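Hi there,

Here is the structure I promised to pass on, with some notes on what turned up in it. Have a look at it first, then read on.

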Amino acid sequence: MITNTALEYKGDLYPSNIVSYTLEGDSVYFNTDNNVILKVTVLRDSLIRFRFTTKGYFSNDFSYAIDKTQLHGYNFLSITEEADYYQIVTSKIKCVIQKADMRKSIYDLAGNVLLEDELGFHWEESFEFGGNIVKMSKSSKDGECFYGLGDKATQMNLKGKRLENFATDQYAYQKDQEPLYKVVPFYIGLQNKQAYGIFFDNTFRTFFDFCHERRNVTSFWAEGGEMNYYFFYGPQMQDVVATYTDLTGKPELPPLWALGYHQCKWSYFPEHNVKEVTAKFRALKIPCDAIYLDIDYMDGFRCFTWNKEYFPDPKRMVAELGQDGFKTVVIIDPGIKVDKEYSIYKEALEKDYFCKRADGPYMKGKVWPGECNFPDYTNPEVREWWAGLFKELVADIGVKGVWNDMNEPAVMEVPNKTFPNDVRHDYDGNPCSHRKAHNIYGTQMARATYHGVKRFAYPKRPFVITRSAYAGAQRYTSSWTGDNVASWEHLWIANIQVQRMSISGMGFTGSDIGGFAEQPTGELYARWIQLGVFHPFCRTHSSGDHGDQEPWAFDEEVIDITRKFVNLRYQLLPYLYTIFYQYIEEGIPMLKPLVYFDQADIQTHYRNDEFVFGNQILVCPILEPNALGRRMYVPKGEWYNYWTNSRVKGGKEMWVDTHYDEIPVFVKAGAIIPKYPVQQYVGELEFDELTLDLYYKEGKEKSVVYEDAQDGYDYKKGRYSFLTFRLTGKTKELNVQLHKEGKYDTAYSKYKINLIGLPFKVTTIEIDNEKITFDSAALEKNSYLVVNKEFNILHLVGE
Ligand code: GLC
C-alpha cells in the first residue's frame, strides 16, 4: 500500500547501529548491522550528497538532473571517530553521524546547527511494487522558512504546506492545487538567518511536508527509488541557489529575440489569419518578435506535418513573416497518431521506438490526434531519431523555435491523466517502469527537441519551450506555467510561480499572459501584461474559445498600456540580456523574491508580491481591479520611483500611488540601467548610442552590461562586451569608472547618460582627467550627457 498521505507508518524500518566505515576518495561509506549503507560524498566544501541503500549494495548511479560537465572540487575532508558518532569536516561545514541509529546533524564551523535529522532515514517496504518507499524527516525550529520547489501555485513561503511532485496536466488549476506540471524537488530552508538547500534527486512521485503534519518536523519521501539527496550550505540563499543551479546545469544564452514579446493563441490559422495578426502588431506599433502556431497547423494533429489547406506553402509564409521580423514557433506534442499511412508513425514502429506496456503491446492513449503511441525519450537512440526529425521544420522551412506540450505525459479520457504505472522505459540503459520515468519524460522530450533544433538552427541559437520539466531541464529549454485561468487570483499565482521557478534554477519562465482558460477583462489583461514584461519569458496565450486575446481585443486604453509596457521591455532588453548572462554564468536568478534579495531582513520572509527584476529594479504588480495604487514593502536602501523619479527610503511598508497605466516600479539608487531604443523587433534598428539611465546616489553602486552579437556562438569565443560601471556619488561630485572586458565591439559609438536625481548643478565635466567644454544651460535643461563609449572615468563636479 502506498502511504502517500502520512510520513509515518507502523511498519516503517530504520537503520540499526553502524558497524564499520570506509573512506574512498571523496566519499565515506557507513555500514549498519541491517544492511543499510549510507554513502556521504563531499562534492564541494558546502555541498554534500547523502545516498542510502537498504540492500547492502548500491544500484547503478544514474541521474538525469545532474550536469555531468560541472566540476566538483573540495579542499578538505576529514573523518574522525568518537565513542558515539563519526564526524566529517569540510572547510565550511561539519556533519555528525550517530553510531546508534545513523541520524545526522550538520553544523557550520562555529557550531551552529544548520539541519538535524528528526527520525532521519527510514523506509517502508512496498510489497505492491517491490522496492522501498523511502523517507526522511528533519527537525524544524520555530521561525524556519521554506522556499523553492518549482511551479507550485501557492504562497512563496512553503511553511505549513504539504506538496506533491508528480508531473500532471492540470488544466485550469486552482490556487494550492497539487500536483502541477513540473517537478523540482529542491527547496531552500532559512533558519536563524542562515540558508541551506536540499535537492532530493528522486524521479518517483515525491512529497514534501514543511511542518504541516507536525509543527517541528519537515520531511520528504518518495514512492520508490533511493533516498538520495544533496545538502547545500549557504549561509546566503544566493550561495544555495547558485550551487544548486550549477549542479543541475545552466542553459546557453537564448537568441536575444527570444527575450522579446511573443504572441500565441490556440490557434492562429489559416495563413491569412496569422498574417493579419502580425500585420496588426506592426500597424499598432506594439513590438513583437515571435508568432506561434498551435496544433491546428498540423495535418490531423500529426506531428511534423502541415495542414496544406490552411498553410499551402509554409516555407514561403515563414520567410515572409521573417522579413517582417517575426520568428515562427510551432508546437510539437509527444503523442504520435496511430496511422499506418503516416511516415513518422511507420518509422517509429519499424524501429521499435514507442513505449511498451509491461506485457508487450505499445502504450496506447488518446490525445489530440485520437489514439497515439508515444516515443520513449528515455532511450538515447530515440532521442537521436527525434532530434533528426526537426530537419524539415527548422533547416528547410525556417521555423525558429519549438514548443513542447502535453509531455507530462498527458493522456485524455483516463482518470490518472497519464500512462499506467506498468509502462516500460529504457531510462538510458537502466530499464524501469513509468513510476520512475514519469517525472522526467517531459524533460527528455525537450532535451531531444533541443538537440534537434540546435543542430538545424546552427550557427544560430535554438529556442525551445516546454510545459513539463524535472530539475535540470533548464539546460535545454524555457518553460511556461501551463493552463492558467483569466482571473485576478491567477495573476497572483503567476507572479509567485515565476519568482519561484527563478530560485529553483529554471529561470527562463513565464505565464500565459491574460490567462489561458476563460476571458480576461481589459483591465485584467492590462495588469497582466504590466507584470509579464518583467518575466524572463513573455508571451500572451489563450485557449481561443472564449474570445480574442490580442491587445486589440480590448479598448484603446489597453492597447496603449500594452504598447507602453512592451516598449519598456524592448528598451530594457540589454538589462534583461545582462541578467540572463549572469544567470547562465553564475547561476543568479533573474527574478529575486524579496527574501532572496535581503534574507537578513525578516520583513521579507513572508512577502509574495514584490520582487527584484535583475539586481536593481523592484517591481510590484497590481493584483486587484480598480486600484489607484497599493501597499507594498520596499526593501532596505534608497530607491527611485521609476515613473516620478522621486526618491524613497526602503525598509518599510508604504502606499504607492499608481495610475491605470503604471504599476509600482522602483530603481535602486546608484544604478546605471542600459536601454535600447524601442524597436518593433530585435535587430530592426541600427543605433549609434546606448542610453544609460543613471540614478544618482551618495555612495557606491556597481552596474554591469553584457552584450554580444545577439545570436550565434561567437560569445563563447570571447566575442562579447561586458561593461562594469562603478558609480561613486558625493555631495557635489559624481564619478563613474568604466571597465570593459571582451572582444566584441558594439555597433554604437556613444552613451547617452540620463542624469537622474543629481542634487547639484554641474560646473565641471572631466573625461579621463581632461576637462571638456559643454553647454551648461542645455545640460541643466535636459539632464543628459552624450559621451564617447571609450571613456574610462567620467567625473562631474558641481555647486
Ligand atoms: C494544452 C496547452 C496549451 C495549448 C493546447 C493546445 O492545453 O497547455 O498551451 O494551447 O494544449 O495545443
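**Strand 11 and its partner**

Y147 stands opposite I188 in strand 14. The two strands involved, strand 11 (residues 145-148) and strand 14 (residues 186-191), pair in the antiparallel sense over 4 bridges; two strands pair if DSSP finds at least two bridges between them. Helices and strands here are DSSP runs, numbered from the N terminus (helices are H or I with at least four residues, strands are E with at least two). Strand 11 is covered on both faces: C145 and Y147 on one side, F146 and G148 on the other, are all buried. Buried means under 20% relative accessible area, exposed over 50%, and partly exposed in between, with a 1.4 Å probe and protein chains only.

Before you go further, please note that this is a predicted model, in which local features need pLDDT of at least 70 and side-chain atom pairs count only at pLDDT 80 or more, while totals for chains, interfaces and linings use all residues. Residues are numbered from 1 along each chain as its sequence is written, and side-chain values use heavy atoms, with hydrogens and water left out.

An open sheet is formed by 6 strands in the order 34-35-36-41-38-39, with antiparallel pairing. Strand 34 (591-593) and strand 39 (647-649) are at the edges with a single partner strand each, so one side of each has no neighbour in the sheet. From one strand to the next, the twist averages 35 degrees.

The bridge partner of W639 is V648 in strand 39. V648 is buried, with a relative accessible area of 18%. Leaving aside residues up to four places away in sequence, V648 touches V634, G637, E638, W639, M654 and F666, where contact means heavy atoms within 4.5 Å. The C-alpha atoms of V648 and L734 are separated by 20 Å, and the two residues are 86 residues apart along the chain.

**Helices 8 and 9**

Helix 8 (residues 488-502) and helix 9 (residues 522-532) have axes that come within 10 Å and cross at roughly 5 degrees. Axes are lines fitted to C-alpha atoms, for helices over the stretch in contact, and angles run from 0 to 180 degrees between N-to-C directions. Helix 8 and helix 9 are therefore roughly parallel to each other (angles under 35 degrees count as roughly parallel, over 145 as roughly antiparallel, 65 to 115 as roughly perpendicular and the rest as oblique). On the helix 8 side the contact is made by W488, H490, L491, A494 and N495, and on the helix 9 side by E523, L524, R527, W528 and L531. These contact residues divide into 6 nonpolar, 2 polar and 2 charged. Ala, Val, Leu, Ile, Met, Phe, Trp, Tyr, Cys and Pro count as nonpolar, Asp, Glu, Lys and Arg as charged, and the others, Gly among them, as polar.

Helix 8 also lies across strand 34 and strand 35 (611-613), and runs at about 105 degrees to strand 34.

**Helices 6 and 7**

Helix 6 (residues 390-397) and helix 7 (residues 434-457) pack at an angle of about 30 degrees, and their axes are 9 Å apart. Helix 6 and helix 7 are therefore roughly parallel to each other. F390, K391, V394 and A395 in helix 6 meet T449, G452, V453, F456 and A457 in helix 7. That contact has 6 nonpolar, 2 polar and 1 charged residues.

**Backbone details to check**

- A cis peptide bond joins E178 and P179, with omega about -20 degrees; P179 lies in the loop between strand 12 (162-165) and strand 13 (182-183).
- Another cis peptide bond joins F269 and P270, with omega about -5 degrees; P270 lies in the loop between strand 19 (262-263) and helix 2 (271-284).
- K285 has a positive phi near 55 degrees, in a residue other than glycine, and is partly exposed, with a relative accessible area of 49%.
- Y427 also has a positive phi, near 50 degrees, but counts as buried at 4% relative accessibility.

Best wishes
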